[in-house]
Amino acid sequence: MDPLGATTVFLVICVSCLLFFSAWRKMSGSGKLPPGPVAFPIIGNMLQLNVRNLPQSIHELSAKYGPVFTIYLGSLRVVVLYGQEAVKEALIDQGDEFSGRGKLALADKLIKGAGIIFSNGERWKQLRRFALTTLRNFGMGKKSIEERIQEEARFLVERLRNTHERPFDPTIPLTHAVSNIICSIVFGDRFDYEDQKFLTLIKLTEENNEVFRSLLGQLYNFFPTLMDYIPGPHQELLKNSEELRIFVLERVKMHKESLDLSCPRDFIDAFLIKMEQEQQNGQSEFNTENLVRSTIDLFLAGTGTSSTTLRHGLLILLKYPDIEEKVHEEIDRVIGRSRSPCMADRSQMPYTDAVIHEIQRFVNLVPLSVPHAVTRDTHFRQYVIPKGTTIFPALQSVLGDSREFPKPEQFNPGHFLDENGAFKKSDFFMPFSAGKRICVGEGLARMELFLLLTTILQNFTLKPLVDPKDISITLVTSFVSNAPKPYQLCVLPR
Ligand code: HEM
């Protein structure tokens with residue numbers, strides 16, 4: 001065939017594929033899919049999207065296609081929900097239908113549907129209910145979660161004091177403190193900050209989080225077959241995950257050897273007791289595999305999230321010393337300097353509460369939430385979304401809604417205060433998502449943020465290394481989560 005003929009055949013094939021794909025999109029399901037940009041076979045809309053900044057591309061598409069639209073990431077069909085009304089209608093009003101977990105190839109490869117975060121159906125229900133109950137302090141020994149956080153806050157202060165007013169990057173101290181709180185809850189005790197096992201555990205979780213956040217990690221989710229052949233850090237994940245598994249399995253073994261059925265010390269004990277109780281139940285999801293995976297889930301979901309929020313929070317306070325000063329005043333008035341902050345203080349500290357809410361709103365940690373899926377063919381507004389379709393609830397659009405938060409791009413604790421300076425709740429405050437999949441660790445995370453931040457500011461004044469007006473608090477964004485730029489600070493004892 002001459003070159004012209006070959007080109008013509010090639011073009012005809014491309015156009016046919018395009019038409020077929022476009023028709024398939026419209027026909028799939030028995031009704032009409034939400035609108036969206038024309039997608040190409042295999043690559044979907046990848047050429048029209050900025051994979052490095054998917055949240056921004058999604059924001060731009062929402063201006064054209066409205067609050068509910070369809071995109072294709074590779075061959076993965078995704079329906080995006082943009083704005084508070086669409087997110088609320090789906091996740092809350094039609095909660096059951098939107099409660100599935102969307103498929104992510106990387107998670108499938110590593111986790112295979114075990115545990116809480118990436119499971120579905122009966123397994124997810126049983127494990128989620130159990131984790132919620134256990135985290136609410138039922139049946140977890142003598143030490144309350146609040147006491148565990150207070151204890152860790154004291155160790156963190158000690159560590160910060162040892163910087164002796166020299167500059168340091170807060171990432172490691174904050175990650176270690178937050179991680180240790182989860183360790184105390186799941187393993188029964190905290191680790192020394194120098195403990196080699198602890199440092200390895202953190203290194204593995206951090207490396208995994210990094211890969212999930214990286215470009216290659218994101219591409220893996222959309223082109224898994226191809227990416228399996230391409231070298232890169234995503235290939236390390238399996239090895240890391242296996243190491244994490246072995247670490248947790250060892251702990252489970254140690255727990256079994258010293259288990260007292262009448263006195264569970266932590267999450268692992270509580271799970272082992274549940275396994276005993278459910279031995280005769282053929283439908284039970286309480287087995288060793290789900291114990292290990294749920295433990296790792298709590299660890300992964302609970303470490304990077306709260307510590308990144310705190311790290312970004314400190315950077316924001318460095319930029320706005322007047323806001324830090326007001327928090328100091330409130331701490332001195334309500335708590336004083338001689339006792340540890342406790343949760344009962346929060347209701348008397350509206351300004352601090354508003355600052356923490358505003359930090360979470362501004363940080364917009366998980367801009368597109370964790371992908372959901374519809375559990376059956378779902379009528380939503382004038383559309384039909386076929387069973388299994390991946391859903392992105394764009395939490396960024398709710399946290400950044402200018403009808404609720406005037407000038408949402410600015411950091412302003414006034415977003416959560418009324419004219420009398422009292423704390424003002426908002427239905428648009430959704431950093432933990434909403435509905436049936438809402439973050440299992442919400443209560444824990446909110447305690448951590450309040451107790452760790454107030455303990456730090458009770459003991460120290462933050463000192464920037466540059467003029468506050470030159471500090472950038474802009475988010476470094478990715479599909480999975482936002483983070484602040486790396487920075488250093490000094491802390492001066494008060
Ligand atoms: C500032 C801190 C945190 C933020 C902003 C946050 C945010 C989120 C978000 C947006 C989701 C997805 C919800 C959805 O699918 O719609 C989620 C899920 C989850 N989070 Fe958190 N989280 C935080 C801290 C924690 C902590 C400390 C834990 C540990 C206990 C935790 C455990 C989980 C779990 C287990 C899920 C999966 C829930 C499910 O699939 O049913 N999170 N979180």
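**Helix packing and sheet arrangement in the predicted model**

Helix 8 (residues 196–213) packs against helix 13 (residues 288–319) at an angle of about 80°, the two axes being 10 Å apart. Axes are lines fitted to C-alpha atoms, for helices over the stretch in contact, and angles run from 0 to 180 degrees between N-to-C directions. Helices (H or I, at least four residues) and strands (E, at least two) are DSSP runs numbered from the N terminus. Helix 8 and helix 13 are therefore roughly perpendicular to each other (65 to 115 degrees; under 35 counts as roughly parallel, over 145 as roughly antiparallel and the rest as oblique). The contact (C-beta atoms, placed from the backbone, within 7 Å) brings Thr205, Asn208 and Asn209 of helix 8 to Phe299, Leu300, Thr303 and Gly304 of helix 13. Its residues comprise two nonpolar, five polar and no charged; Ala, Val, Leu, Ile, Met, Phe, Trp, Tyr, Cys and Pro count as nonpolar, Asp, Glu, Lys and Arg as charged, and the others, Gly among them, as polar.

The structure is a predicted model, in which local features need pLDDT of at least 70 and side-chain atom pairs count only at pLDDT 80 or more, while totals for chains, interfaces and linings use all residues. Residues are numbered from 1 along each chain as its sequence is written.

Five strands form an open sheet of order 1-2-7-4-3 with mixed pairing, where two strands pair if DSSP finds at least two bridges between them. Strand 1 (68–73) and strand 3 (100–101) are the edge strands, each pairing on one side only. Strand 3 and strand 4 (residues 372–373) run antiparallel and are joined by two bridges, with Gly100 opposite Ala373 of strand 4.

Leu132 lies in helix 5 (residues 121–135) and counts as partly exposed, with 16 C-beta neighbours inside 10 Å.

How values were computed:
Contact = placed C-beta atoms within 7 Å. Buried ≥ 20, exposed ≤ 12 C-beta atoms within 10 Å, placed from the backbone.
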